[in-house]
Amino acid sequence: IYRTSSSGGAAYEIARQIIEQGGAVYGCAASGLEIKHIRVNDLAQLPLLQGSKYVQSTIQGCCRSIRSDLAAGLKVAFFGTPCQVAAVRKFIPKPSRTNLLLVDIICHGTPSPQMLEADVRSVAHGQPVDKISFRQGNSFILTLSSRGREIFSSDVFAQPFRDPYYRAFFDGISYRPSCYNCAYARPERVSDITVGDFWGLQSAKKFSETHRDGISLIMPVTPKGQQIVAHLSQSMHLAQAPVKEAVNGNTQLRHPMPFTRRGQLFRALYPALPFGLAVNLVYLDLRVRRALSPLKKILMANTDSKRIARNTIYLYIRTFVSMVVSLYTSRKILEALGVEDFGIMNVVGGVISLMAIINGSMSVATQRYLTYELGKGDQGDYSKVFNMAVYIHILLALIVLVAAETVGLCLLYTSDAADDLI
């Protein structure tokens, strides 16, 4: 049981207690890509509820079924996210909750099943998926199987960009909008027992090496929960730890996942773009940085030859980026201005560029002669060069002004396009 559970197997043992007392358990199960809550009243069916499912599960029909079981005098345990537990708690009146045990799973947030379906269709290349697994013990590995054969596997830490869904989930950019304002992500819980991974455990030495592949956090919240947890010592290795230690180690026991800029960008791109493309665009900078990291290590050497090579590559990259931006913006500007206005814009831009070249040349020449005279130490010649430079700049400005007001206007009013422009 321990090896097949996501962490320490606490949820399994709690459910086993209820079933052995003749009760029923409601929990999340995965049948292919269908993630939903089911009713289990047989220990042989309990493995269907094992394992993490990092997607929103539907609880349709569960509330009425729970109410029927309670009316029949059965003990019932419901496992779900805090918001699902709150829904069941609100549906079942307080006098009827005597035999109802509510267990919430520490939840970071849940993406929509549509995102998972879109991702699986892409990575499975159209093959039917009849089994999906999100974890292998403490390893976060997404595994897809078809007809008993593994067709896809991705470790979110070893291959961070191999699967878009898992990457987006772990960074918290694909959750439902309500998850970023979750009212239940706090130390005060809505259930009888809270379970999850005990991240940040400071007293792991209390456990043997064989138990360090996964340790469950079990927080009894109500007297009913405390009574259930007390019986777990017969089947589990339990050790007490301060509640503060659990809260410090689990972010979702303190506050909801923040809605980061990457999350905002993802929401702007999806569903206008396909899911995988939207996620890849959100992480484009990290993917490029990761792809260039081997090259960066080579180029960071301090030898002159490698410094020259590094600068050359940077220059080519800048040229390529400038070319791409120019090709894209030129098309957009042409669409916005039209052919004639686009041509006029290019003529004006060409004239401005020509003036900039002349001005740059004059500035460089002036600096050269001023520096020469300054080196000679002759203040009189230095003043002459400065005055001459000012006169030349003024003269060129007058020539351009006269040419623009005479020849320029003549060409403007005598051209074929003059009527259209006026």
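Predicted model: local features only at pLDDT ≥ 70, side-chain atom pairs only at ≥ 80, totals over all residues.
User: How is the pair of Tyr54 and Tyr166 arranged, and where do its members lie in the chain?

Analyst: Planes under 30 degrees apart count as stacked, over 60 as edge-to-face and the rest as tilted. Tyr54 and Tyr166 are 6.2 Å centre to centre with 35° between the planes, a tilted pair. Tyr54 is in the loop between strand S2 and helix H2, while Tyr166 is in helix H5, 112 residues apart. Tyr54 and Tyr166 are each buried.

User: Why is the pair of Phe266 and Tyr270 called stacked?

Analyst: Its ring centres are 5.5 Å apart and the planes of Phe266 and Tyr270 stand at 10°, so the pair is stacked. Both residues are buried.

User: Phe266 is in helix H8; which residues of H8 are buried, and which are exposed on the other side?

Analyst: Gly263, Phe266 and Leu269 are the buried residues of H8. They lie on the same side of H8 because they cover an arc of only 125° around the axis. Arg261 and Ala268, on the other side, are exposed. Helix H4 and helix H9 are among what covers the buried residues.

User: Where do charged ends sit over rings?

Analyst: The charged end of Arg167 sits over the ring of Tyr283, 5.0 Å from its centre. That of Arg368 sits over the ring of Tyr369, at 4.8 Å from the centre.

Definitions and conventions. Residues numbered from 1 in each chain as written. Heavy atoms only, no water. Buried < 20%, exposed > 50% of the residue type's maximum accessible area, 1.4 Å probe, protein only. Helix = DSSP H or I, 4+ residues; strand = E, 2+ residues; numbered from the N terminus. Arc of directions from axis to C-beta. Contact = heavy atoms within 4.5 Å. Phe/Tyr/Trp six-rings, centres within 6.5 Å; stacked < 30°, edge-to-face > 60°. Lys NZ or Arg CZ within 6 Å of the ring centre and 35° of its normal.
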